[in-house]
Amino acid sequence: MALIQRLHMEQYGTTLEQIGKIAIAQRENARNNPQALFREPMSMQDYLNSRMISDPIRLFDCVMPCSGAECIILASEDRARQITDKLIYLVTDAEISHYQVANMLPDKTTFGQKVVGERIFKEIKREDIDLVEIYDDYPIAVMIQIEDLGFCKKGDGGKFVDAHDLTYTGDFPVNTGGGELSVGQAGLAGGYLHLVEALRQLRREAEGHQVKKAERALVTGIGWLNYGRNLGTTAALVMERRK
Amino acid sequence: MAEARMPQKSIPKVNKVDQPFWEGANREKFLLQKCKSCGKVQFFPRVACVDCFGELDWIESKGTGKIHSFTLVRVPRNPAFKDEVPIYYINVILDEDVIVESKLIGDNKEKVKMGDRVKAVFQQTHDPAIKLPCFELAE
C-alpha cells in the first residue's frame, strides 16, 4: 500500500494532509462510538508525527489487530417480519475477482471497485446514497475507492476530501463508526465491521454517532492488492431502509 | 518445552511453474515468459498465456528498467529481516514492459527517486540453490 500511496501522491499531487484528513475524520467518528478501541482525539500533527512504518505509510495509517466477532441475519421478508419491524433491504450488489490479472502494467492506483461501481450505479444514483462504509485497511485505500466508485474523477480524491466533511455529521459521512482504522481490525472479521455499522445506521441504532438522514448506505470490501492488481475479490452492496 | 527458535529469513518456495525462473536467477539471468502463439511477454510465471492460454517459452530479460514506486520498510513483518532495515522495497517496470516487485540494494540506494534507471543483480540467500533477483541504481 505504501507503493500505491507514493504513486498516488506523485501522479496526482495528493498530500499527506489530505490522506490524514480521512484518518482524523474516522477518529472523530470513533470518539462517539462506545465500541471503538481508539477514542482519544487525533490532530493533524499527531497524524503527521506518528512513527514511519513504510514510507509514506505512518503508524496512524495502519489498523490495529483486535479481537471481535460480528453476526448478521439474512432472511426472507416474511421470516424477517416475524423477528423485527426494522427491515433493511439489499438493493443491489456487485463483485469482481482478478481485476487487471492479464495486465502486465496494471494501474496500481485503481482497484476493482471501478468495475464494481459502474455496475452498482447502473441500478441506483450516487446522490441517493446517504452514507458510505468503505473498507479501510489504510486511508489511501478509502480515497482510491471514493475515486473508483465515481464520487470524483481519478486523482481528485485529495480535492474531494478537502471539499467534504467525512464525519457522521458531515455532508459525505464515511466509516461512521470509526472504521477499522479507529475501531480495530478483528482479523478476517474486519471487513464485516462495515456491514454491521451500515445496518446499525439504517436501523437507527448507531448509539452516539447516528447519521441524521440514513436511508441508504453503500458498503465496500476489497481483497488482496498483490502485484497492484487486486487479484482477490472486490465487492460492494447498497442497502436501504423501507417502511 | 520446545526452545524458542530464532526467526528465519523467508525465501521463495519454488514450485513447478516458476522453477525455470529460479534456476535462471541462480545463473544470474532474469527470465520472463513469452507466448508461443501470440508473443505476449508476461511476469510473474504462470502455466499459460494470460491472454490466449497459449504455450509458453522462457526468454531472458535485459534486466534493465526504471523505478515505478518504492518504499522504505522500517518495520518488517518477519523480524528476521530487522538487520536489513530500512529495506528499499521497489516496483520496477522492466524494459520488456512487465512490472516486478523486488528490493533495491547497493551503496547508493539512498539516492533513489521515482523513474530512476535500475539494473538487475542477484543476491545469494542462505539456501545455496536460491539467489534473489534484486536491483541496483544504474549509473
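Residues are numbered from 1 along each chain as its sequence is written, and chains are lettered from A in the order in which they are written. In this predicted model local features need pLDDT of at least 70 and side-chain atom pairs count only at pLDDT 80 or more, while totals for chains, interfaces and linings use all residues.

Q: Which element gives the largest share of the side of chain A that touches chain B?
A: Two residues are in contact if their C-beta atoms, placed from the backbone, lie within 7 Å. The contact takes 15 residues from chain A and 18 residues from chain B. Helices (H or I, at least four residues) and strands (E, at least two) are DSSP runs, numbered from the N terminus. On the side of chain A, α1 (2-12) and β1 (52-54) give two or more residues, and the largest share, five residues, comes from α1(A).

Q: Over how many bridges do β5(B) and β6 of chain B pair?
A: Two strands pair if DSSP finds at least two bridges between them. One bridge joins B:Ile90 to B:Ser102 in β6(B). β5(B) and β6 (residues 99-104) are antiparallel, and the number of bridges is six.

Q: Which residue in the hairpin of β5(B) and β6(B) takes a positive phi?
A: This hairpin has four residues between the strands. The positive phi is near 65 degrees, and the residue that takes it is B:Asp97.
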